[in-house]
Amino acid sequence: MKKALIIIAIIFAGIAGLYYLFKPSDKLTQRQFEFVKVERGNVVEKVTATGTIEPINVVSVGTQVSGIIEKVYADYNDEVQKDQLLAELDKFVLNETLSDAKASLDLAQSKKKVAEMNFNRYKDLYAQKLIAKAEMEEAEISLATADANLLSAQANYNKAKQNMDYAYIISPVAGTVISKEVEQGQTVAASFSTPTLFTIAEDLKLMQIEASVSEADIGKIKQDMTAEFTVDAYPTDVFSGKVKQIRLSPITEQNVVMYTVIIEVPNEDKKLLPGMTAFVTILTAQENDVLRIPNTTVQFKPSALLRQKMDGERPKNLKATQAVVYTFDAQKGLIKPHVIELGLIDVMYAQVLEGVQEGEQLISEFISTEKGSAPKGRPPM
């Protein structure tokens, strides 16, 4: 019996010791927080966007006359020179039209000569008062009519001759054929609009990205800023270019106002193809070797429980460039607010101009909700 009482007493003593060792405490402890150190490093502000890679100058080549395609001399991806023959239309109808216009022109020229001779003869007779004035006026009208008919015939001939030249489809620029919309034997009709037969990119060694940037970021972008981008075709390659233009015409996409930013991209090896999607990052600002803190420290907001354990009040009426961060006083078991002046902010870090010193430990997260309890996964200290 005595031995049993001794064992019970030892058990109660152990329980009491554990209680006093792990009993809740009113003081916060360091192990209840996660900390980050104020350090020096780089802060890089970037704007991300997506866009489509396109040739800088694309020319659509069409025809102004209708007819059947007799021959095609160019194909997809062909390199063509300026004034190079790309295709020919069948010229039978055009030749007949030209011959008819030439005959009409010759006839009009002959009629004018006759009208001129009659006018001169009537003019002499009228001077000698051998014919009436009405006959003289009739000769003048006939000459004027012959002049008008000659001008009309000349215009019809010129048009028929020009249409004959249009039967030869010529490249207006040197470049690469990126689209061919015609085959030999196909009929093209130019009655209502000029059909496109070929699309030629003038120079594929220099491309451009038409990137869509939101109105929240467009104010940060300036001409000649450096841009880097990737494409799905070459996921490990990083390409670069420069901002050349910010177009002022906005586009609304899903209630978000977007602006088109043109980025000029060298493409000497022609790896970049028209239509590729580019994932763009534009470097807008950079500060090197400055005091910086992770953004998690700025985003940390103490709960109502923690505000009861704060050394002083949380500052109010902060400027737009200011923020509050917190340190921990282990002796007092209290958190302490500090007002800091912020500089450049990127995705991960914020530049600190004043308010904290290099090496200081700032609270980034409260990881224990029970007072005095050890963080999950850590042994009690």
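Helices and strands here are DSSP runs, numbered from the N terminus. The model is predicted.

E15 spans residues 256–266, and a loop connects it to strand E16 (277–294). Glu 268 sits in that loop. Its side is open: Glu 268 is exposed, with a relative accessible area of 59%. Exposed means over 50%, so Glu 268 qualifies. Glu 268 also belongs to a negative surface patch, together with Glu 202, Asp 203 and Asp 269.

Which strands pair with E15? Strand E11 (residues 206–214) runs antiparallel to E15 and is joined to it by nine bridges. Here Met 207 has Val 265 as its bridge partner. Strand E13 (residues 234–246) is also antiparallel to E15, with four bridges. In that pairing Val 243 faces Ile 263. Strand E14 (residues 251–253) pairs with E15 over three bridges, again in the antiparallel sense. Glu 253 stands opposite Val 256. E14 and E15 make a hairpin with two residues between them. In the turn, Gln 254 has a positive phi of about 50°.

**Salt bridges**

How many salt bridges does a search of the whole structure find? The count is 15.

| Pair | N to O distance |
|---|---|
| Lys 220 – Glu 45 | 4.0 Å |
| Lys 112 – Glu 116 | 4.0 Å |
| Lys 244 – Asp 224 | 3.5 Å |

Take Lys 220 and Glu 45, which form a salt bridge. Lys 220 lies in the loop between helix H4 (215–218) and strand E12 (226–231), and Glu 45 in strand E2 (residues 39–55), so the pair ties together parts 175 residues apart in sequence. Lys 220 is partly exposed at 34% relative accessible area. Glu 45 is buried at 16%.

Lys 112 and Glu 116 share helix H2 (residues 92–127). They are four residues apart, about one turn of the helix. Both are partly exposed: Lys 112 at 22%, Glu 116 at 33%.

Lys 244 and Asp 224 also meet in a salt bridge. This pair links distant parts of the chain, 20 residues apart: Lys 244 is in strand E13 and Asp 224 in the loop between H4 and E12. Lys 244 is partly exposed at 34%, and Asp 224 is partly exposed at 43%. Elsewhere, shared partners join Arg 40, Asp 289 and Glu 358 into one salt-bridge network.

**Helix H5**

Thr 296 is placed in helix H5 (residues 295–299). Its relative accessibility is 39%, which counts as partly exposed. Thr 296 and Glu 365 are 69 residues apart in sequence, yet 7.9 Å apart in space, C-alpha to C-alpha.

Key:
Residues numbered from 1 in each chain as written. Predicted model: local features only at pLDDT ≥ 70, side-chain atom pairs only at ≥ 80, totals over all residues. Heavy atoms only, no water. Patch = residues over 30% accessible without salt bridge, like charges linked within 9 Å, V, L, I, M, F, W, Y side chains within 5 Å. Areas by Shrake-Rupley, 256 points an atom, 1.4 Å probe, with all protein chains shown as cover. Salt bridge = Lys/Arg side-chain N within 4 Å of Asp/Glu carboxyl O. Lys, Arg positive; Asp, Glu negative; His and termini not counted. Charge placed at Lys NZ, Arg CZ, Asp CG, Glu CD. Buried < 20%, exposed > 50% of the residue type's maximum accessible area, 1.4 Å probe, protein only. Pairing = 2+ DSSP bridges.
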